[in-house]
Amino acid sequence: MTDLPQTMFAAILKHNGYSGTATGPAIENAADWLEGAEVPTPEPGPGQVLIRLRAASVNPSDLHFIKGEYGQPRVKGSPAGFEGCGDVVAAGKGAEALQGQRVAFVAAGSGAWAEYVVTQMQMCIPLRPDISDDDGAAQIVNPMTAMAMVDMAKADGDAFVVSAATSQLGKLMCSLGRDLGLKPIALVRRAETTGMLKDLGAAEVLVTTDEDVVAKFADLSAQLKPRVFLDAVTDQLSEQLFCAMPNRARWISYGKLSTEAPTLTQTGQLIFMSKRIEGFWLTNWMMSTPPADQMRVVAEVQARFADGRWKTDVSEHLRLKNLVPNLADALKKSDGKVIITP
């Protein structure tokens, strides 16, 4: 650490713990939750690495987290941000193999929206040289989730349902589903995105604001028999669609874009139709999946980015020092991901 700076710039959290609210991943002003500050550069402990940031991404989970609405408590004064890519510039005992490598990472100790980041070596993936920093910064949370969840869908028939399908993750799942010979049924809010999603691989696209969307979905469900619903929205419409799915259907919630609290209207289906409601969190998947299976998924993800089958659509690049005043406006663009650079 002797040749590294004693302090670094970071976007740090202004609050501790949980907020007790559920207002969704939208912010009016990032300064309500974050402030830019000069803080001590973290040091890696055993099994940890210190990464000099190249790029970090902004995901809905980051916004839930800074607002105190995520499954982990905030620590006031620590850097925000879960995911990015950068160069390993120092390594603790047992993590020396990563020294000098460019890696994609999930932060676990000190957040990604900072000039330097500490995390566990298990939360790092060495990057191929033909992967861009933008793709490297969005290499884990969405792509690994897409691979893991479409794997679950593939094991249960050839059609599956994807909500918020115009999101980065939704687009990845539609194209992966098509490549695996599956039939993704995409749910979107805006009719003008239908053509783009069909080009990407959606077999069917339904517009959730249409008055007859539930009836249309029921017809499709009777034909295609989708048994897995990969849901980032989790609202009352989600519940209605789940009720229209066939026996043994699984409603897998991996996000909460809606602030609406859904009511279960047909609980008998859980008993008599063997339906299930469950959650998916990538961290649990990474901790519980055998290393050989994880490496297969990692290799496939990187191959898809390297050959252009997948790419990260970037709506805006923001400099770290300009992040707090500009983040809310940048997030209003819905056509891609906000990427943070030092």
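Biologist: Is Trp281 buried, partly exposed or exposed?

Modeller: The terms rest on relative accessible area: buried means under 20%, exposed means over 50%, and partly exposed lies in between, with a 1.4 Å probe and protein chains only. Trp281 has a relative accessible area of 33%, so Trp281 is partly exposed. Please note that this is a predicted model, in which local features need pLDDT of at least 70 and side-chain atom pairs count only at pLDDT 80 or more, while totals for chains, interfaces and linings use all residues. Residues are numbered from 1 along each chain as its sequence is written, and side-chain values use heavy atoms, with hydrogens and water left out.

Biologist: Which aromatic pair do Tyr70 and Trp281 form?

Modeller: A pair of aromatic rings is described by the distance of the centres and the angle of the planes. Rings of Phe, Tyr and Trp (its six-membered ring) pair if their centres lie within 6.5 Å; planes under 30 degrees apart count as stacked, over 60 as edge-to-face and the rest as tilted. A search of the whole structure finds six such pairs. In one of them, the rings of Tyr70 and Phe82 have centres 5.3 Å apart and planes at 40°, so this pair is tilted. Tyr70 is partly exposed at 22% relative accessible area, whereas Phe82, at 10%, counts as buried. Tyr70 and Trp281 form an edge-to-face pair, with 6.4 Å from centre to centre and 75° between the planes. Tyr70 lies in the loop between helix 1 and strand 4, and Trp281 in the loop between strand 13 and helix 9 (282-288), so their pair ties together parts that are 211 residues apart in sequence. Ring pairs link Phe65, Tyr70, Phe82 and Trp281 into a cluster.

Biologist: How many helices and strands does the chain have?

Modeller: Helices (H or I, at least four residues) and strands (E, at least two) are DSSP runs, numbered from the N terminus. The chain has eleven helices and 15 strands. The radius of gyration is taken over C-alpha atoms, and the globule rule is 2.2 Å times the number of residues to the power 0.38. For this chain the radius of gyration is 20 Å, close to the 20 Å that the rule gives for 342 residues, so the chain is as compact as a globular protein of that length. Of the 342 residues, 54% count as buried. Along the principal axes, the C-alpha atoms fill a box of roughly 65 × 40 × 40 Å.

Biologist: In what order do the six strands of the open sheet lie?

Modeller: Strands of a sheet pair through backbone hydrogen bonds, either parallel or antiparallel. Here, two strands pair if DSSP finds at least two bridges between them. The order in this open sheet is 10-9-8-11-12-13, and the pairing is parallel. Strand 10 (204-207) and strand 13 (276-279) are the edge strands, each pairing on one side only. From one strand to the next, the twist averages 20°. Strand 8 (residues 159-162) is joined to strand 9 (residues 183-188) by four bridges; Ala159 has Lys183 as its bridge partner in strand 9.

Biologist: Which strands does helix 3 touch?

Modeller: Contact means heavy atoms within 4.5 Å. Axes are lines fitted to C-alpha atoms, for helices over the stretch in contact, and angles run from 0 to 180 degrees between N-to-C directions. Helix 3 (residues 141-154) packs on the sheet and touches strand 8, strand 11 (228-231), strand 12 (250-253) and strand 13; its direction makes about 160° with that of strand 11. Helix 4 (residues 168-179) lies across strand 8, strand 9 and strand 11, at about 160° to strand 9.

Biologist: Why is helix 7 described as largely enclosed?

Modeller: Seven of the eight residues of helix 7 (residues 236-243) are buried, so the rest of the structure largely encloses helix 7. Among the buried residues are Leu237, Leu241 and Phe242. Their cover includes strand 9, helix 6 (213-224), strand 11, strand 12, helix 8 (268-272) and strand 13.

Biologist: Where does Ala164 lie?

Modeller: Ala164 lies in the loop between strand 8 and helix 4. Ala164 has a positive phi of about 50° although it is not a glycine, and with a relative accessible area of 18% Ala164 is buried. Lys225, in the loop between helix 6 and strand 11, also has a positive phi of about 50°. At 43% relative accessibility, Lys225 counts as partly exposed.
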